[in-house]
Amino acid sequence: MAITISPLPLGALTHLVNGWGTRPRQEGGRTQEPLPSVDTLTDLGLPDDVRNGLTGQALVAAADALHPVFAATDAATCARRLTRLLSTGGTRPVLDAVDDDRLDAVWSVGSADRALVAAAALALRQYLGEQGFARVGVCTGGRCADVYVDQSPGGRRRFCSVTCQNRARVAAFRSRKAATAAE
Ligand SMILES: [Zn+2]
């Protein structure tokens with residue numbers, strides 16, 4: 001049965017990839033921790049029955065499918081990876097009749113198990129199409145592979161969080177100090 005979807009909110013998208021993704025969990029040393037509760041994924045914009053049917057395993061699979069889009073090091077690779085996600089998921093533009101004279105231009109996928117990745121891919125397609133490739137990425141902090149979506153006015157974000165940014169700043173300061181002391 002076809003399922004109507006809309007783009008996933010960007011906050012939910014990064015929470016999904018960082019909370020359930022294998023690489024972010026490994027690099028961040030969180031593999032021993034339990035997976036986050038599915039209830040922390042609010043506001044997915046998915047139909048209730050699809051939302052309620054999401055398992056931990058499905059969330060890990062979705063996160064792992066999406067992480068390579070963020071990890072792409074050039075625009076062409078990023079575009080190719082995202083396009084593949086959209087086409088293998090069977091995402092289609094459709095028109096829904098809401099009532100006698102109102103129509104909704106929406107997206108559709110063929111099955112419930114494809115809905116989450118498709119909704120996430122739609123959000124990335126829309127955002128990257130408007131903002132450019134440099135607006136998503138993987139944190140450049142040490143021992144961190146969390147992803148970010150840069151919504152800052154300057155567009156120069158390189159870290160997933162203030163915590164990683166501060167840690168990198170302290171490390172850079174220490175290594176400068178050590179280099180000065182060694183001179
Ligand atoms: Zn980080």
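This is a predicted model: local features need pLDDT of at least 70, side-chain atom pairs count only at pLDDT 80 or more; totals for chains, interfaces and linings use all residues.

User: Where does R143 lie, and what is its phi?

Analyst: Helices (H or I, at least four residues) and strands (E, at least two) are DSSP runs, numbered from the N terminus. R143 lies in the loop between β4 and β5. It is a residue other than glycine, yet its phi is positive, near 50°.

User: Which other residue has a positive phi although it is not a glycine?

Analyst: The residue lies in the loop between α2 and α3 (48–52). With a phi of about 55°, it is D43.

User: Which residues are the protein donors of the zinc ion?

Analyst: Donors are N, O and S atoms within 2.8 Å of the metal (3.2 Å for Na, K and Ca); water is not among the atoms, so sites may look incomplete. The donor residues are spaced C-x4-C-x15-C-x3-C in sequence. Their SG atoms lie 2.3 to 2.4 Å from the zinc ion, and the residues are C139, C144, C160 and C164.

User: How many residues apart are C144 and C164?

Analyst: C144 is in the loop between β4 (136–138) and β5, and C164 is in helix α7 (residues 162–182). Both are buried. The pair links distant parts of the chain, 20 residues apart.

User: What is the geometry of the zinc ion site?

Analyst: Four donors count as tetrahedral if all angles lie between 85 and 135 degrees. The angles among the four donor atoms of the zinc ion are 107 to 113°, and the site is tetrahedral.

User: Why is helix α1 described as largely enclosed, and which elements do its buried residues pack against?

Analyst: Nine of the 11 residues of α1 (residues 10–20) are buried, so the helix is largely enclosed by the rest of the structure. Among the buried residues are L10, L13, L16 and W20. With contact meaning heavy atoms within 4.5 Å, the buried residues of α1 pack against α2 (22–27), α4 (56–71), α6 (112–131) and β5 (147–149).

User: In what order do the three strands of the open sheet stand?

Analyst: Two strands pair if DSSP finds at least two bridges between them. The pairing in this sheet is antiparallel, and the order is β1-β3-β2. β1 (3–5) and β2 (92–97) each have a single partner strand, so one side of each is left without a neighbour in the sheet.

User: Which residue in β3 stands opposite I5?

Analyst: β1 and β3 pair in the antiparallel sense over three bridges. Opposite I5 stands W107.

User: What is the relative accessible area of S108?

Analyst: S108 lies in strand β3 (residues 103–109). Not counting residues up to four places away in sequence, S108 touches residues including A2, I3, G90 and V94. S108 is buried, with a relative accessible area of 3%.

How values were computed: Residues are numbered from 1 along each chain as its sequence is written. Side-chain values use heavy atoms; hydrogens and water are left out. Buried means under 20% relative accessible area, exposed over 50%, partly exposed in between (1.4 Å probe, protein chains only). Four donors count as tetrahedral if all angles lie between 85 and 135 degrees; four count as square planar and six as octahedral if opposite donors are over 155 degrees apart and all others between 65 and 115; anything else is irregular.
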